[in-house]
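Here's a quick look at a few side-chain pairings and the helix packing around them. Have the model open as you read.

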Amino acid sequence: MNNENNTIHEFEFNLICEYFANMKRQGPGSPEVTLQALNFIDNLTSQSLIADIGCGTGGQTMVLAQYTPGQITGLDLFPVFINIFNHNATQLGLQNRIKGIVGSMDNLPFREKELDLIWSEGAIYNIGFERGLNEWRKYLKTGGYIAVSECSWFTKERPAEIHNFWMENYPEIDTIPNKISQIQKAGYIPVATFMLPENCWTEQYYAPQITVQKTFLKKYAGNKAAKEFIALQRYEAELYRQYKEFYGYVFFIAKKTEL
Ligand code: SAH
């Protein structure tokens with residue numbers, strides 16, 4: 001890669017960060033859904049260690065912290081998100097219990113069998129569902145929990161447009177029964193599975209983007225990368241509106257067993 005390309009790349013990267021940093025959430029979800037998933041976790045005490053992997057600016061982490069005892073580490077690749085995360089934690093007076101750190105989910109800074117709970121909303125796809133389940137397992141105590149949300153197919157077949165979109169963007173998308181069998185194969189007992197309601201996408205994720213998109217297009221008027229990026233976000237939202245009966249986010253909660 002030459003310098004010119006590097007600069008373009010960096011600009012796009014910063015653009016994406018700036019866009020998503022402006023939002024409470026960087027993926028579909030809601031405080032209600034976080035609490036619903038949390039209801040299945042029964043092993044937490046004030047000594048518990050929890051990791052929220054791919055935490056973004058920490059929308060769900062703040063909810064978790066308000067309803068669980070123990071210490072929470074939020075980890076994300078993007079320093080911009082982690083700065084906002086730690087700022088929000090302080091604002092809420094939670095800075096003694098939650099800490100945001102920059103890191104990568106394929107090289108976690110935890111010790112083996114140290115965690116009671118691994119949380120990850122709308123983020124495990126970055127490493128891949130199966131790889132994440134397998135690699136993160138070693139950090140959990142036996143009997144510890146993993147709770148992840150993951151984009152899944154709701155039907156065995158689907159229209160070509162949406163099928164092709166996901167094959168290009170995340171070919172590991174699969175049906176719920178197949179995801180559950182991957183969980184079992186990786187050494188966990190599936191504890192609960194539920195589909196996220198539509199408002200997690202429409203109200204919580206896409207609606208806040210509308211204002212951000214307008215501001216962005218004004219701020220970066222004439223900028224091709226910004227225009228293309230916004231067009232892609234809008235296309236993704238339109239696909240969801242059109243094909244939501246065929247796919248969506250699903251919460252999977254599972255407990256580590258000895259293999
Ligand atoms: N959990 C948040 C963010 C979901 S978006 C929410 O639900 O709102 C996915 C997040 O994964 C982004 O914040 C992105 O920065 C982060 N991410 C992407 N690749 C990563 C990696 N390799 N390691 C850690 N975080 C990563």
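Start with Glu130, which pairs up with Lys185 in a salt bridge whose closest N and O atoms sit 3.9 Å apart. This is a predicted model, by the way. The two partners come from distant parts of the chain, 55 residues apart, with Glu130 in helix H5 and Lys185 in helix H7. Glu130 is partly exposed at 26% relative accessible area, while Lys185 is exposed at 67%.

## How H5 and H7 pack

The helices behind that bridge are H5 (residues 129-136) and H7 (residues 176-185), packed at an angle of about 25° with axes 10 Å apart. Angles under 35 degrees count as roughly parallel, and H5 and H7 are therefore roughly parallel to each other. Their crossing is right-handed.

On the H5 side, Phe129, Glu130 and Leu133 make the contact, meeting Lys179, Gln182, Ile183 and Lys185 of H7.

## Lys179 and a strand

Lys179 has a salt bridge too, with Glu150, and here the closest N and O atoms are 2.7 Å apart. Glu150 belongs to strand E5 (residues 140-153) and Lys179 to helix H7, so this pair ties together parts 29 residues apart in sequence. Both Glu150 and Lys179 are buried.

Glu238 is partly exposed at 32% relative accessibility, and Arg241 is exposed at 53%. The whole structure has eleven salt bridges.

Technical notes: Residues are numbered from 1 along each chain as its sequence is written. This is a predicted model: local features need pLDDT of at least 70, side-chain atom pairs count only at pLDDT 80 or more; totals for chains, interfaces and linings use all residues. Side-chain values use heavy atoms; hydrogens and water are left out. Axes are lines fitted to C-alpha atoms, for helices over the stretch in contact, and angles run from 0 to 180 degrees between N-to-C directions. Helices (H or I, at least four residues) and strands (E, at least two) are DSSP runs, numbered from the N terminus. Angles under 35 degrees count as roughly parallel, over 145 as roughly antiparallel, 65 to 115 as roughly perpendicular and the rest as oblique. A crossing is left-handed if the near helix is turned anticlockwise from the far one by less than a right angle, and right-handed if clockwise. Contact means heavy atoms within 4.5 Å. A salt bridge is a side-chain nitrogen of Lys or Arg within 4 Å of a carboxyl oxygen of Asp or Glu. Buried means under 20% relative accessible area, exposed over 50%, partly exposed in between (1.4 Å probe, protein chains only).
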